[in-house]
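Student: I've got a model open and I'd like to talk through its numbers. Can we start once it's on screen?

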Amino acid sequence: MAAPSFYLVNCPKTSFLPSFSTTLFLKPRHNYKPLSRTMGIVCGQKSIDILSDNHNREHVLSAVRQSLHNCLSETHLDQTVPGLKSKTRGKVRDIYDSGDYLVLVTTDRQSAFDRILASIPFKGQVLNQTSFWWFDRTQHIVPNAVVMAPDKNVTIAKKCSVFPVEFVVRGFVTGSTNTSLWTVYNKGVRNYCGNALPDGLRKNQKLVKNILTPTTKSADHDVPVTPDDIIKKGLMTRAEFDEASTKALSLFEYGQQVALEHGLLLVDTKYEFGKGPDGAVLLIDEVHTPDSSRYWIANSYEERFSKGLEPENVDKEFLRLWFKDHCNPYEDAVLPDAPEELVCELAWRYIFLYETITNSRFEVPETKEPIHDRISRNVSQAMLRLP
């Protein structure tokens, strides 16, 4: 089950998410200026290995290894925070009902193939803060709904009516899951979710233009659907779908622009939308995170594609591929444990992406206070300040 809708907050320009000792509230932001390139990424550089050469890598990996057995895999705020009425467990988020608001806790659970594969240190913090950054900078395209972010892993949101459709936008022919564009294309499909595809495309090839391949939302697995079927099934009205699809394509184009300015290719992603109390279409869930999106290193893409090599990715695809090579992740009742080295590498890549996109240093949380105690304390204090 995907997390219900939420808005993210605007943070001080000088230090994005420096501390959660005080609650941060949403304020409009305009006239976003592209950030400078980071981590030594220079456009036109022939070859780079920024994933291994980054000066912060060893420091982060050391903290990751120390936290392998201290991940936030489950929360029980309904037992520790007064005023929380119920809990819904999503694939990654634990969602608590507090009446007019939802408390969304982003855990370290790693999902793919419609199941949990592992727990990744600091992943929840990375997703929450990465979404935080993108939500702040996409308000000129579509409003979102966060009320406050009282903790590194937590967002408090207004409730809204969630559309049962995921808006998947793709710029390349790639992927390894059953619904990925390359998987279905390689099986001979030439019309996918209403998009006509030419013969002769190769894996990881750039599409002539970005396309929308929506899916229905399901507790088990998402099902590809055409825009006409969305309307016929009553999942959305024509006006709602047209508005959301236009916003999704605009968000993706903007995300591609910002990612490229930082040496990355935003390959594909998914967006979710809901309707607020005033009827406005709102962007919800998460935005351009390595969980919801695929990122590749820009400078090495052309050379690797021409040689038939997989692009250098900064997302969970390499972990997906490992499981596909070692088991049937859709059908096997018990999956093998993800190797520790892969878990650490994924944690690093998520943090690398956050630092590269936001041009800020990831703040490794202190270990003196147990994570669940910290979250309970911060959410309890925040509940007292809700309007």
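Student: How far apart are the end C-alpha atoms of helix H7 (residues 238-261), and what span should its 24 residues have?

Tutor: Helices here are DSSP runs of H or I with at least four residues, strands are E runs of at least two, and both are numbered from the N terminus. The expected span is 1.5 Å times one less than the number of residues, so H7 should span 34 Å. The end C-alpha atoms agree with that, being 35 Å apart.

Student: Before we go on, what sort of model is this?

Tutor: Residues are numbered from 1 along each chain as its sequence is written, and side-chain values use heavy atoms, leaving out hydrogens and water. Local features need pLDDT of at least 70, side-chain atom pairs count only at pLDDT 80 or more, totals for chains, interfaces and linings use all residues, and the model is predicted.

Student: Is Asn 70 buried, partly exposed or exposed?

Tutor: Asn 70 sits in the loop between helix H2 (57-66) and helix H3 (77-80). Buried means under 20% relative accessible area and exposed over 50%, with partly exposed in between (1.4 Å probe, protein chains only). Asn 70 has 39%, so call it partly exposed.

Student: How far is Asn 70 from Ile 120 in space?

Tutor: They're 50 residues apart in sequence. C-alpha to C-alpha, the distance is 9.7 Å.
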